[in-house]
Amino acid sequence: MADSHRNAFENAQRQFDLAAEKLNLDQSLRRVLRVPQRELSVNFPVKMDNGEIQVFSGYRVQHNVSRGPAKGGIRYHPAVDIDEVRALAMWMTWKCALVNIPYGGAKGGVIVDPTKLSQSELERLTRRFATEISILVGAEKDIPAPDVGTNGQVMAWFMDTISMHRGYTVPAVITGKPVEVGGSLGRVEATGRGVSIVAREAAKHLGLRIEGATVVIQGFGNVGSVTADMMQRMGSKVIAVSDVSGGYYNRNGLNIPEMIAYTKQHRSLEGYQAAGIERVSNQQILELECDILAPCALENQITEENAGRINCKLLVEGANGPTTPEADDILFERGIFVVPDILANAGGVTVSYFEWVQGLQEFFWTEEEINNKLERIMQHSFESVLAQTLKHKVSMRMGGYMVAVARVAEATQIRGIYP
């Protein structure tokens, strides 16, 4: 019997193995691409507001840099571990290759609950972590970005720390910064916008009318809340969302702008009330009947245990790794169309690429230009994955992996092995 509790990195390797087999990839290339190229583990002290010194652990992993500098977010979460960071770095490699931007994959993380820290403690932790991993990062070699538990302010502290070390401002060293310090217009909404674009394209392919389609979203952070807002603007009816406080369900539709405003004020949906809302758990929300389900929280949410109870026509992965390989097989057999994470949530890294280019050039585009560029890339990427999927009669995940792995393998082979 398959192990549904396989860790994230084992899931990532399993997904790669399946694609490598389909592509009949050379065994030597498989050995190179199956593991990260570099891993840095750090334990670092931070002075807390009460004067005590706490020691935190963190990681920075670079999976592959054959197609360009490493790119990947920094996650602050109590469940961060090295295997999770390895998996996220590997997924970033495929994601960047799939949307055909010149990056390899990386990821970083600190084992911490950021909600338990004061603003000044969060700043000190960020600056010290930035210093610890500064031996790896740089505009020309590894460009971090925000992820779970981090935001634009954290990125600004990170950029400022590296700039202090260099003696001059280096805006291109990190992306996801506030616009005021070299960030890109449209970056905050980019991942959620990308999720909604591919949801619309997938619905079109399935003959599912996006106007009036019922949508359920697990996770109401940056990705989930923007996805909910964008889907509602497209005419869909968002009937359920969830965050750390649990799920909120109303068959007649939720007031998403009101809920977003509430979270900005209260940091979560805890305590939110409105007429007609039923409370459900984070797991129950995944099993609600709907047209479109978008898991936008953490990995391993849909497993072989609950895949048989998923009740949607279209599943769009806003989170990284929300579906295990075993669950993938079940969903495919049941005819549920899955848009995989390496395609669905690639809007964030795409606009991060735009931000990096703007930072290097010190020349900035308008928000309309950014959104139009993102739209074209997401549409084209969806079409290329769909074409591969239909040609080989495989799942969209396999189609996406075949496109991405082939591009990285080709770049690795062309560059050769040094020395």
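**Buried contacts, cores and a pocket**

The side chain of N345 reaches the backbone oxygen of A319 at 3.1 Å. The model is predicted. N345 sits in the loop that joins α10 (341-344) to α11 (347-361). Its relative accessibility is 5%, so N345 counts as buried; the cut-off for buried is under 20%. With neighbours within four places in sequence set aside, N345 is in contact with K95, T191, V195, E317, G318, A319 and N320.

The largest nonpolar core holds 83 residues. Within this core, the residues that touch the most other members are W94, V241, I256, M259, I292, V316 and V339. Leaving aside neighbours within four places in sequence, I292 is in contact with L208, I210, A213, T214, V215, V216, M231, L314 and V316. Another core, of 27 residues, lies apart from the largest one. Its members include L122, L125, A130 and V137.

The second largest pocket was examined next. Its volume is about 450 Å³. Its lining comprises 20 residues. F332, V394, S395, M396 and M398 lie nearest the centre of this pocket. Four elements each supply at least two lining residues: the helices α1 (8-23), α9 (325-333) and α13 (396-415), and the strand β12 (337-339). By residue class, the lining divides into eleven nonpolar, five charged and four polar residues. V339, one of the core residues that touch the most other members, falls within the span of β12 (337-339).

R14 lies in helix α1, an element that supplies at least two residues of the pocket lining. R14 has a relative accessibility of 38% and therefore counts as partly exposed. R34 is 20 residues from R14 in sequence, and their C-alpha atoms are 9.3 Å apart in space. A79 is placed in the loop between β3 (70-77) and α3 (82-98). At 45% relative accessibility, A79 also counts as partly exposed, because that class runs from the buried limit of 20% to the exposed limit of 50%. Along the chain, A79 and I111 are 32 residues apart.

Note on methods:
Residues are numbered from 1 along each chain as its sequence is written. This is a predicted model: local features need pLDDT of at least 70, side-chain atom pairs count only at pLDDT 80 or more; totals for chains, interfaces and linings use all residues. Side-chain values use heavy atoms; hydrogens and water are left out. On a 1 Å grid over the protein atoms alone, a cavity is a set of points where a 1.4 Å probe fits but cannot get out, and a pocket is an open set with protein on both sides within 12 Å along at least five of seven lines; lining residues have an atom within 4 Å of a point. Grid points are joined across faces, edges and corners, and a volume is the space filled by probe spheres set on the points. Ala, Val, Leu, Ile, Met, Phe, Trp, Tyr, Cys and Pro count as nonpolar, Asp, Glu, Lys and Arg as charged, and the others, Gly among them, as polar. A nonpolar core is a set of buried Ala, Val, Leu, Ile, Met, Phe, Trp, Tyr and Cys residues joined through side-chain atoms within 4.5 Å. Buried means under 20% relative accessible area, exposed over 50%, partly exposed in between (1.4 Å probe, protein chains only). Contact means heavy atoms within 4.5 Å. A polar contact is a pair of N or O atoms within 3.5 Å; within protein, one must be able to donate a hydrogen and the other to accept it, and residues adjacent in sequence count only if both atoms are side-chain atoms.
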